[in-house]
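I opened this notebook to keep track of what I looked up in the structure, topic by topic. The entries follow the order in which I went through them.

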Amino acid sequence: MIRSGGMVEPPSLEPFVDRYRRLFVLTGAGCSVNSGIPDYRDADGAWKRSPPVTFQAFMAQEATRRRYWARSLLGWRRIGGAKPNAAHRALARLEAAGKSEILLTQNVDRLHQAAGSAAVIDLHGRLDHVRCMGCDDVSPRPALQERLERLNPDWLTLNSVVAPDGDADLDEVDFSTFAVPACRRCGGVLKPDVVFFGENVPRPRVEAAMRHVDDADAMLIVGSSLMVYSGFRFAEAAARAGKPIAAVNLGRTRADALLALKVEAPCDEALAFLL
Ligand SMILES: [Zn+2]
């Protein structure tokens, strides 16, 4: 494995991208950092802040849903207004050049699509949609934002820190007065249409992505430590199939032992040759 370290200039990704015809591209939070959406994990892959809410807690406890939506009310104003950066644009160019078999993203911010990528699978769902857990109705997140703001005008003045999933840090706040809207059709529990921790990625989505591993001749990981198995399994599958894997990531990744090339640099710098 070629690896950069210390003061040494990171190796270029360009020869790897030139060498292979169709790349399976897998992206993570590191891609969106320059769009103002912070990363969950530090260079060692450890949590920078408390882990996000689990699916089980969200579904079981009204108090958890109150806390989630109160944070999301504040976080959405930042996430919803985020714009794609040079890393997203570079990967859209890769697709336009016919070199991208698929772009599988662990991000829920839709910034790859905003940059012009079309062949994208949102592995962990999309934050701009809300799903009813009762009737499965899908509605736009901005419409729910209006309902949340109308029901909870006093909450809009709170200061907060925003996480990658649009969740905001609100310590020592009493959430018991926060009003959570229910589904307009059936009164059911509304949940952002993203895969929570403790929840499985829908099987058809995983299978669709796996088929692209077969059709690609190499894999490119951009801005992910792959600490979550839902993403790591694609690196495992590529390695099993003998496909070379390159990664752009600041710090350790769970796939380090599987890599043919590692570029420890910010995503936009490592991909700048594509622009
Ligand atoms: Zn419903």
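**Conventions.** I call a residue buried under 20% relative accessible area, exposed over 50% and partly exposed in between, with a 1.4 Å probe and protein chains only. I note that this is a predicted model, in which local features need pLDDT of at least 70 and side-chain atom pairs count only at pLDDT 80 or more, while totals for chains, interfaces and linings use all residues. Residues are numbered from 1 along each chain as its sequence is written, and side-chain values use heavy atoms, with hydrogens and water left out.

**Aromatic pairs.** I counted rings of Phe, Tyr and Trp (its six-membered ring) as paired if their centres lie within 6.5 Å, with planes under 30 degrees apart taken as stacked, over 60 as edge-to-face and the rest as tilted. On that basis the structure holds nine aromatic pairs. One of them joins F24 and F234, which are stacked at 5.9 Å centre to centre with 25° between the planes. I found F24 in strand β1 (residues 23–27) and F234 in helix α8 (residues 229–240), so the pair links parts of the chain that are 210 residues apart; helices (H or I, at least four residues) and strands (E, at least two) are DSSP runs, numbered from the N terminus. F234 is buried because its relative accessibility is 0%, and F24 is buried too, with a relative accessible area of 2%.

I then turned to Y68 and F196, a tilted pair at 5.5 Å centre to centre and 40° between the planes. Y68 belongs to helix α3 (residues 62–79) and F196 to the loop between β8 (190–194) and α7 (203–215), so this pair ties together parts 128 residues apart in sequence. Y68 counts as buried at 3% relative accessibility, as does F196 at 6%. Ring pairs also link these two with F58 and W69 into a cluster. Over the face of F196 I found K191, at 4.5 Å from the ring centre; the criterion is NZ of Lys or CZ of Arg within 6 Å of the ring centre and within 35 degrees of the ring normal.

**Zinc site.** Which atoms coordinate the zinc ion? They are the SG atoms of C132, C135, C183 and C186, at 2.3 to 2.4 Å, where donors are N, O and S atoms within 2.8 Å of the metal (3.2 Å for Na, K and Ca), and sites may look incomplete as water is not among the atoms. Along the chain these donors follow the spacing C-x2-C-x47-C-x2-C. The arrangement is tetrahedral because the angles run from 99 to 116°, and four donors count as such if all angles lie between 85 and 135 degrees. C132 is buried at 1% relative accessibility, whereas C135 is partly exposed at 34%.

**Sheet.** I traced six strands in an open, parallel sheet, in the order β3-β2-β1-β9-β10-β11; two strands pair if DSSP finds at least two bridges between them. The edge strands, β3 (120–122) and β11 (261–263), each pair on one side only. Strand β9 (residues 218–222) pairs with strand β10 (residues 245–248) over four bridges in the parallel sense, and V248 in β10 is the bridge partner of V222. From β10, I245 and A247 point one way and A246 and V248 the other, and all are buried.

Terms used: Four donors count as tetrahedral if all angles lie between 85 and 135 degrees; four count as square planar and six as octahedral if opposite donors are over 155 degrees apart and all others between 65 and 115; anything else is irregular.
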